[in-house]
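Reader: I am new to this structure and would like a close look at one part of it. Please start there and then go on to other parts.

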Amino acid sequence: MIIKRRIGILLLFSLSIQLLHSQTFENLAREHPRLFIASGTINKIKQRIDSDTRYAFIHEQILRNCDSLLVIPPALEIKEGRRLLEVSRTYLKRILYLAYAYKITGHRPYFEKAKQEMLTASGFSSWNPSHYLDVAEMAMGLAIGYDWLFHDLSSTERETITEALLEKGIETSLDETLEHGWISSSNNWNPVCHGGLTAAAIAVFDSAPDVCAKVIKRGIEHVPEAMKEYAANGNYPEGPMYWSYGTTYNVLFIAALQTAFASDFGLLDQPGFLETANYYRHVVGPSGLYFNYSDSRESPRLNAAQFYFSKEMGRPELLWQEIDILKSYMDGDKKFRAAGISNRFLPFILIWSLDIPELRFDAQNQYFAQGTTPIAIYRSAWSDSALYLGVKAGSPSANHAHMDIGSFVFEKHGIRWALDLGLQGYHSLESLGLGIWKKNKESDRWKVFRNNVFSHNTLVVNDSLQNPDAFAPIEKTDDDGHAFKLGVNLSAIYAPQLAHAKRTFEVGHNQELVITDSLHIGETGNAKIRWAFVTPAKIKIAEDGRAAYLSKEGESITVKLLQPKEASFKTYETDPPPSDFDAPNTGTQLLGFEIFSRHGFEKIIQVKFD
């Protein structure tokens with residue numbers, strides 16, 4: 001497939017592809033390990049864990065986990081619904097941890113257990129290519145184990161693992177009877193699948209050089225089709241949780257090429273890719289929570305990709321949020337979990353480590369990006385108590401998107417006062433027969449409370465859904481009278497019920513937030529409009545209904561209804577949610593109000609947070 005590339009930077013990338021073909025992989029490292037570990041890496045890790053208690057803590061957590069694995073049998077080949085994904089991730093984590101532990105300590109039981117895990121996974125009937133992420137993550141795990149432990153494995157063991165990587169991994173990606181939309185997709189499946197398969201192809205290249213070369217070349221050609229999404233100032237359209245997933249695998253893909261071929265083949269020059277480290281910094285609020293729009297959980301975990309960016313760019317200051325998370329684990333504020341999308345890659349933090357700075361100051365307190373899913377973020381300072389505002393635009397039809405167009409999160413005094421309920425697990429819905437992946441208005445996806453408009457901090461018009469086919473841009477405004485000001489044009493999202501709709505966010509220099517909705521009711525009929533936001537706070541509404549006092553953890557704010565004069569605050573339930581299949585939303589409720597307006601009229605809604 002001929003890929004459309006931008007002139008300039010992408011011309012360099014095209015030349016790199018031609019060079020790759022002409023060299024026929026002559027630059028491939030002949031000795032193992034080829035993946036991620038360069039000459040001297042192990043010694044550098046040992047020096048880091050000897051000199052820095054934070055890195056030593058991570059190392060000890062890995063070893064502790066490995067010690068517990070020694071008495072646990074390998075996971076069984078059991079799918080959850082249509083996925084084997086959690087099993088694949090379990091094997092990836094176990095093999096990576098154990099291989100790392102053996103390389104650092106030389107403790108033989110770690111090697112024996114890693115070998116057992118690899119041979120068991122090799123004996124599976126398949127790695128479930130009908131859901132190809134499962135194959136990719138399993139392939140990544142076995143590729144690392146095979147490569148790092150190559151010299152300790154017997155020839156028979158190498159042959160068994162190689163055969164599995166080829167037959168259950170690489171060759172299934174070339175099977176034309178299977179669906180492989182991920183090859184040229186623009187979503188997270190692209191780097192995840194290419195990343196896992198390319199790592200496998202590098203590891204077992206000597207056993208099948210032609211087919212492995214084809215897989216590696218394919219990845220280098222097609223991963224940029226997903227990387228183009230970063231072009232808008234590093235913005236990631238699927239939200240911060242999937243940034244962690246897709247970007248980590250994109251980094252693994254590039255890092256594998258760097259150690260195997262001593263080249264990134266121009267991939268780090270893709271527009272916006274290195275800048276996405278700034279995106280990730282901004283989507284974590286002062287409270288330590290994600291601006292969790294789209295399918296995203298609220299709490300971040302240690303993220304290995306951010307350590308890669310810090311090392312690659314020589315910018316240790318990118319790590320202060322990661323170090324805050326790590327410190328909270330070390331201080332016992334949170335139970336350390338070495339599970340989940342980021343933390344199964346925990347050893348890569350040590351592989352990509354730098355000296356960690358003590359300072360976390362950053363002069364840039366705003367982030368603004370268009371792209372597939374436009375967002376804007378403001379924080380008054382880089383401190384735990386700063387005001388923080390995240391604004392979401394775009395379309396419900398974007399990958400993993402919700403009907404949260406025009407929604408926002410808001411923090412002050414270290415408390416998230418306006419929140420997003422976040423992701424509901426897919427299996428809990430799919431197991432009931434709900435089809436949650438179509439985006440048309442009749443889709444089951446929009447029956448889910450956490451996905452539809454009724455649970456988000458935006459407008460609900462005539463008890464109806466937002467238009468899933470529409471798009472809302474952000475309109476940035478330069479205004480010296482405010483610390484921050486921008487608008488979201490919601491007209492298409494609510495057409496035809498609203499002829500025009502614009503939501504404006506203004507943060508004054510006194511650190512008060514004012515949200516203004518300028519609405520023109522369509523000619524098709526009257527409109528009932530609900531304005532609301534989800535909060536975890538205790539709410540006390542003033543007697544006249546024109547103000548609400550929110551309190552949580554000893555802090556408080558006031559929300560004032562400035563316009564219209566006829567409205568008054570009330571609360572709406574989020575728990576229990578509307579349907580039996582909806583996840584509980586314990587400790588939350590909606591604060592808002594309703595107004596009614598006749599067709600052809602203009603209406604102004606204005607609310608202040610102070």
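Reader: Is D544 buried or exposed, and what is its relative accessible area?

Author: The model is predicted. In it, D544 has a relative accessible area of 54%. The cut-off for exposed is over 50%, so D544 counts as exposed. D544 sits in the loop that joins β12 (538-541) to β13 (547-552). A polar atom of the D544 side chain lies 3.0 Å from the backbone nitrogen of R546. D544 and G246 are 298 residues apart along the chain, and 49 Å separates their C-alpha atoms.

E506 belongs to strand β9 (residues 498-507). Its relative accessibility is 14%, and buried means under 20%, so E506 counts as buried. The side chain of E506 makes a polar contact with the side chain of K485, at 3.4 Å.

E430 is part of helix α16 (residues 426-430). With a relative accessible area of 18%, E430 is buried. Its side chain and the side chain of W437 form a polar contact at 2.8 Å. Apart from neighbours within four places in sequence, E430 is in contact with R82, R83, I436 and W437.

The next part is a helix, α12, which spans residues 304-313. It is mostly covered, with seven of its ten residues buried. The buried residues are A304, A305, Q306, F307, Y308, F309 and S310. They pack against α3, α10 (240-261), α11 (276-282), α13 and α15 (346-351). At the start of α12, the backbone nitrogen of A305 has a side-chain oxygen of N303 within 3.0 Å. After α12 comes G314, with a positive phi near 65 degrees.

Two of the helices that the buried residues of α12 pack against, α3 and α13, also pack against each other. Two packed helices are described by the angle between their axes and the distance between the axes. For α3 (residues 53-69) and α13 (residues 320-330), the angle is about 65 degrees and the axes are 11 Å apart. That angle makes α3 roughly perpendicular to α13. The crossing of α3 and α13 is left-handed. On the α3 side the contact is made by T53, R54, F57 and I58, and on the α13 side by I323, L326, Y329 and M330. These contact residues of α3 and α13 comprise six nonpolar, one polar and one charged.

A further helix pair is α2 (residues 41-51) with α4 (residues 85-105). Their axes come within 10 Å and cross at roughly 85 degrees, and α2 and α4 are therefore roughly perpendicular to each other. From α2, the residues in the contact are I42, I45, K46 and I49; from α4, they are Y100, K103 and I104. By type, the residues of the contact of α2 with α4 are five nonpolar, no polar and two charged.

Notes
Residues numbered from 1 in each chain as written. Predicted model: local features only at pLDDT ≥ 70, side-chain atom pairs only at ≥ 80, totals over all residues. Heavy atoms only, no water. Helix = DSSP H or I, 4+ residues; strand = E, 2+ residues; numbered from the N terminus. Buried < 20%, exposed > 50% of the residue type's maximum accessible area, 1.4 Å probe, protein only. Polar contact = N/O pair within 3.5 Å; in protein donor to acceptor, adjacent residues only side chain to side chain. Contact = heavy atoms within 4.5 Å. Axes fitted to C-alpha atoms, helices over the stretch in contact; angles between N-to-C directions. Parallel < 35°, antiparallel > 145°, perpendicular 65-115°, else oblique. Left-handed = near helix turned anticlockwise from the far one by under 90°. Nonpolar A, V, L, I, M, F, W, Y, C, P; charged D, E, K, R; others polar.
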